[in-house]
Each structure stands twice: as structure tokens, then as C-alpha cells.
Amino acid sequence: MSPDLTTPGSVRSAAEVNEEIRALWLRAKGSLSDLERAEYEQLVVEWAAAMRDQVAEAA
């Protein structure tokens, strides 16, 4: 499961999170259950935070 998004420094790289998102979709075979949907939504939030961090580091 994803790390606690409220904990500073808990954000993984966007690539790591993206791999977990891809694995989730593969396991779900394209149709997410309610629990999987909740996990997916958390992962997308984590991925977006990681992307923001990468952009900020590059600037």
C-alpha cells in the first residue's frame, strides 16, 4: 500500500509509483473494485506529488 501522504519525505519517485499503478491495473485486468479504485486514487495523488518534486528539483 502507499505510504502516508501526510508524512514529509514519504514520497517515492514518480517512476516507482507509476510502476505500482501499472501493476494494479494489470492485476485488476482493467476493471477496478471499490477497494482498488481507492488505492488507485491514492497512488495518483502520490504520483502527482512526486512529479511536482521532480519539476521543482529540475528548476
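View 1. An α-helix has 3.6 residues a turn, so residues three or four places apart point the same way. This is a predicted model, so local features need pLDDT of at least 70 and side-chain atom pairs count only at pLDDT 80 or more, while totals for chains, interfaces and linings use all residues. Residues are numbered from 1 along each chain as its sequence is written, and side-chain values use heavy atoms, with hydrogens and water left out.

View 2. Helices (H or I, at least four residues) and strands (E, at least two) are DSSP runs, numbered from the N terminus. Of the chain's 59 residues, 24% count as buried. Take the contacts between residues at least 6 apart in sequence: 56% of them join residues at least 24 apart.

**View 3. Helix H2 runs from residue 34 to residue 58****.** With 25 residues, H2 reaches 36 Å from its first C-alpha to its last, close to the 36 Å expected at 1.5 Å a residue. That expected span is 1.5 Å times one less than the number of residues.

**View 4. Valine 45 sits in helix H2****.** Is valine 45 buried or partly exposed? It's partly exposed, because its relative accessible area is 47%. Valine 17 is 28 residues away along the chain, and the two C-alpha atoms are separated by 9.8 Å.

**View 5. Tryptophan 25 and tyrosine 40 form an aromatic pair****.** Rings of Phe, Tyr and Trp (its six-membered ring) pair if their centres lie within 6.5 Å; planes under 30 degrees apart count as stacked, over 60 as edge-to-face and the rest as tilted. The count comes to one aromatic pair. It is edge-to-face, at 5.5 Å centre to centre with 80 degrees between the planes. Tryptophan 25 lies in H1 and tyrosine 40 in H2, so the pair ties together parts that are 15 residues apart in sequence. Tryptophan 25 is partly exposed at 29% relative accessibility, and tyrosine 40 is partly exposed too, at 23%.

Note on methods: Buried means under 20% relative accessible area, exposed over 50%, partly exposed in between (1.4 Å probe, protein chains only). Contact means heavy atoms within 4.5 Å.
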